[in-house]
Amino acid sequence: MMKEYFDGIVGGIEERIKNDPENASPRMKYALEVSRLGARLYGGSDRVAWCGVLAPFDVLSAFGVASCYVEFVGASLAASGMAGPMLEASEHEGHSPDTCAYHRAVVGAAGKGLMPTPDFLIATSCPCTAGVTTMENLARHFKKELFVLHIPQENTDSNVRYLTGQLEDMVEFVAKQTGQSVDWGAIGKAVTLSNQTSEFLTEIYDLAASVPSPVRSRDLRDFGVVMPLISGTQAALDTAKVFRDELRARVESGEGGIEDERLRLLWIQNRIQFKNPLEKILEQEHKAVVVVDELNSVTWDPVDPDDPLPGVAKRMLSSPFAGRIDARCDHLKKLVRKYKVDGVVNPCHWGCRQGTGARGLFADTLRNMDIPVLNLEVDCVDARSFAEGQLKTRIGAFCEMLAERARPA
Amino acid sequence: MTPLKNRAIGFTCSYTPISLIEAAGFSPYRILPVGDSEDQAGQWMHDNVCPHVKRVLDRTLGGDLPENLAGVVIINSCDAMRRLADAWRRADPSSRVICIDLPIRSDERSVDFYAGQLRELTDWLGAISGNTPGESDVSSAMARFQVLAEHFGRLRGYLAAGILTGGAARLQDLYNRCATRPVEASIDELEKIVADESSRAKGVPVYLFGNVMPDAQAMSLFESCGARVVVEDLCTGSRLFKPLMENDDDSDVFKVLAESLLTGVGCARTIDAAPGATAGNVLARAKAAGAKGVIGHTVKFCDPYIARMPGIREFMREAEMPFLMLEGDCTLRSIGQHRTRIEAFLEMIG
Ligand code: SF4
Ligand code: SF4
């Protein structure tokens with residue numbers, strides 16, 4: 001089912017690009033590469049690793065393993081409209097509807113035999129506890145080896161050493177699981193590609209901050225959290241370059257992502273993954289654009305290709321999700337200023353303790369900056385509880401309120 | 001609230017190295033999710049965050065903590081705990097809160113890391129007390145807690161044999177009191193408790209495991225339904241007073257303490273070396289205790305436990321061990337709502 005889904009997207013986009021190469025948008029190229037990863041995961045001929053969100057995908061790509069955080073599968077199930085039966089299946093197995101539906105959808109899919117059996121699994125303690133327990137459940141289900149990366153809170157020298165040591169163990173683990181020897185040259189090459197990709201990402205994010213912003217709400221949706229999946233590859237580098245070129249051209253010509261941009265929004269954490277009209281409503285009815293997602297940011301320094309693991313460790317520790325909430329709030333403050341946002345949308349994804357557990361802390365931070373926040377209270381994966389009418393009304397009221405306020409200097 | 005004799009350091013998780021608190025001259029004080037503080041945590045956290053953490057935050061915001069609390073140690077054991085530390089610092093910027101990292105596993109690298117966290121905690125405690133405890137202070141505090149752990153081990157033996165007067169409710173009451181006062185007072189009380197061989201408690205023997213259930217009356221409720229809790233494995237119960245490992249002259253006390261805390265019977269937030277081993281451990285302990293059934297209890301929205309319960313249930317079904325899962329919000333009322341289910345379960349296995 002998912003194989004057909006990803007194959008269908010890949011085939012469709014390739015066809016469109018072939019027929020009309022001039023109009024191949026960056027988003028199309030990005031969707032193509034991400035879907036190609038999906039097709040590899042489900043294709044049956046690649047080695048597969050199911051991972052946690054912060055796993056070092058560039059290092060894994062150097063082993064030729066198709067690796068992916070499982071939440072991506074949850075999101076893809078939602079995007080394809082197939083999450084409902086998976087969620088029901090997991091609930092039928094006794095999984096509580098109070099848990100994060102990214103995980104529940106995956107657990108349901110695994111139970112129905114719709115997740116490929118991985119060669120191994122790598123969990124990461126960041127961003128969430130539920131991610132680790134889900135990986136343990138999957139390892140038990142698939143009867144495969146699980147490696148766990150513990151990512152501490154602070155980005156200190158001793159924590160970098162600790163995480164570097166774990167990454168060394170992980171590299172050994174992957175070598176053992178794949179039956180390969182460690183090719184440090186290939187790892188160095190992969191991190192060089194991710195360094196180069198990061199340079200483009202930095203430019204992309206800077207360009208997106210222009211006024212008017214060259215992006216539409218959907219252009220960079222979840223970009224910062226999905227791009228790492230293909231990092232360490234030429235495809236990621238090419239995709240980032242295409243985006244940079246397109247946004248640069250739009251900025252140079254003064255073209256905004258939408259006409260007559262009036263409101264600029266920051267989106268906390270992840271977007272709603274199933275089809276929904278909210279972004280369209282924001283843009284068409286309120287001239288409001290999501291100019292930045294919380295994770296659309298390069299928070300790390302380039303990684304030394306000759307000694308990659310300490311740099312990879314620092315990169316992981318630099319995630320705004322890893323540390324204290326104050327660090328994450330400082331990150332939000334920087335984004336608010338850089339992107340000159342008028343308001344912030346927090347989906348408050350049901351079941352996400354680390355995210356919703358910080359709801360009041362985000363609101364407090366932003367209140368002190370005089371930036372209004374809209375707490376949506378949605379489940380970003382489970383469309384069954386989506387209250388479209390109510391959300392439309394709330395979004396309308398929020399945008400009206402923002403429009404009445406003076407735009408921040 | 002009656003002030004404690006000396007200064008106290010609050011804590012909220014059974015992975016807390018209470019020996020270090022004691023070594024630094026403080027009395028460890030477990031901030032249990034009890035009392036009737038007004039719900040104020042909701043202004044910081046969403047409704048779907050675990051009630052354990054929210055009730056602790058309510059107590060803080062409502063001023064329901066000992067006046068002599070000099071600081072609070074929070075363990076980064078799960079997202080909810082991490083957010084508790086964040087919210088506490090924000091809601092009361094003048095408070096001293098430390099949040100130490102807890103590894104996910106218990107291998108050598110994890111033990112070394114946690115030992116480092118314990119050293120940092122010791123320095124933090126020393127900065128508050130003005131006197132950083134040395135290794136010998138830590139060793140002697142560990143020795144005192146080891147005595148306490150042995151007493152609790154003896155009482156758990158009485159409980160399993162049905163010869164502890166007051167049963168599981170009394171044991172829970174003792175856990176609560178020993179978690180909130182100086183260790184010497186606890187040892188004094190526990191060493192006087194003897195078995196009552198004159199009569200054996202009746203009821204269907206059950207094994208109880210889960211996270212947070214501090215109300216002693218919850219145990220009475222189980223017993224009033226016809227259960228006899230023979231062994232409990234709860235965060236607010238036996239897991240807090242685990243036996244510590246041997247500490248000889250050459251060993252690094254912080255490593256010994258770290259290993260003691262990370263190994264043995266753990267909380268569901270710690271990942272087993274073999275995925276899914278928790279279920280096997282529960283079954284083995286239940287069988288060893290002669291339990292006729294297993295009751296799993298979790299507070300709502302606790303990811304580590306609710307994620308594991310379906311696997312445990314399946315495992316118990318395959319092993320033909322009757323299993324009842326309960327979900328609550330740390331209040332007696334929430335357990336009470338399950339009375340009929342508990343009675344039906346006991347009737348079925350009795
Ligand atoms: S939404 Fe929250 S709980 Fe779900 S995967 Fe993301 S961080 Fe984890
Ligand atoms: S009950 Fe569960 S979620 Fe709550 S603090 Fe304990 S481990 Fe964390």
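1. Basis. This is a predicted model: local features need pLDDT of at least 70, side-chain atom pairs count only at pLDDT 80 or more, and totals for chains, interfaces and linings use all residues. Residues are numbered from 1 along each chain as its sequence is written, chains are lettered from A and ligands numbered from 1 in the order in which they are written, and side-chain values use heavy atoms, with hydrogens and water left out.

2. Ligand 1. The shell holds Glu71(A), Cys100(A), Tyr102(A), His103(A), Pro127(A), Cys128(A), Gln269(A), His349(A), Cys352(A) and Gln354(A). A residue belongs here if one of its heavy atoms lies within 4 Å of the molecule. By class, the shell has 5 nonpolar, 4 polar and 1 charged. Ala, Val, Leu, Ile, Met, Phe, Trp, Tyr, Cys and Pro count as nonpolar, Asp, Glu, Lys and Arg as charged, and the others, Gly among them, as polar.

3. Pro127(A). This residue of the ligand 1 shell also takes part in a cis peptide bond with Cys126(A), with omega about 10°. Pro127(A) is in the loop between strand S3 (120-124) and helix H7 (129-142) of chain A. Helices (H or I, at least four residues) and strands (E, at least two) are DSSP runs, numbered from the N terminus.

4. Ligand 2. The residues around it are Cys50(B), His52(B), Val53(B), Cys78(B), Met81(B), Asn211(B), Val212(B), Val299(B) and Cys302(B). They divide into 7 nonpolar, 2 polar and no charged. Ligand 2 sits in the largest cavity. A cavity is a set of points, on a 1 Å grid over the protein atoms alone, where a 1.4 Å probe fits but cannot get out. A molecule sits in one if more than half of its atoms lie within 2 Å of its grid points.

5. Packing of chain B. Of its 350 residues, 60% are buried. Buried means under 20% relative accessible area, exposed over 50%, and partly exposed in between (1.4 Å probe, protein chains only). Among contacts with a separation of 6 or more, 72% join residues 24 or more positions apart. Contact means heavy atoms within 4.5 Å.

6. Arg154(B). Its place is helix H5 (residues 135-161) of chain B. Beyond neighbours within four places in sequence, Arg154(B) is in contact with Leu190(B), Glu191(B) and Ile193(B). Leu326(B) is 172 residues from Arg154(B) in sequence and 28 Å away in space, C-alpha to C-alpha.

7. A further cis bond in chain A. Val211(A) and Pro212(A) are joined by a cis peptide bond with omega about -5°. Pro212(A) lies in the loop between helix H9 (184-208) and helix H10 (223-226).

8. Positive phi. Lys340(A) is not a glycine, yet its phi is about 50°. Lys340(A) lies between helix H14 (325-339) and strand S7 (343-346), in a loop, and is partly exposed at 40%. In chain B, Glu320(B) has a phi near 60°. Its loop runs between helix H11 (303-318) and strand S8 (323-328). Glu320(B) is exposed, at 71% relative accessibility.

Key:
1 Å grid on protein atoms, 1.4 Å probe; cavity = no way out; pocket = protein on both sides within 12 Å on 5 of 7 lines; lining within 4 Å.
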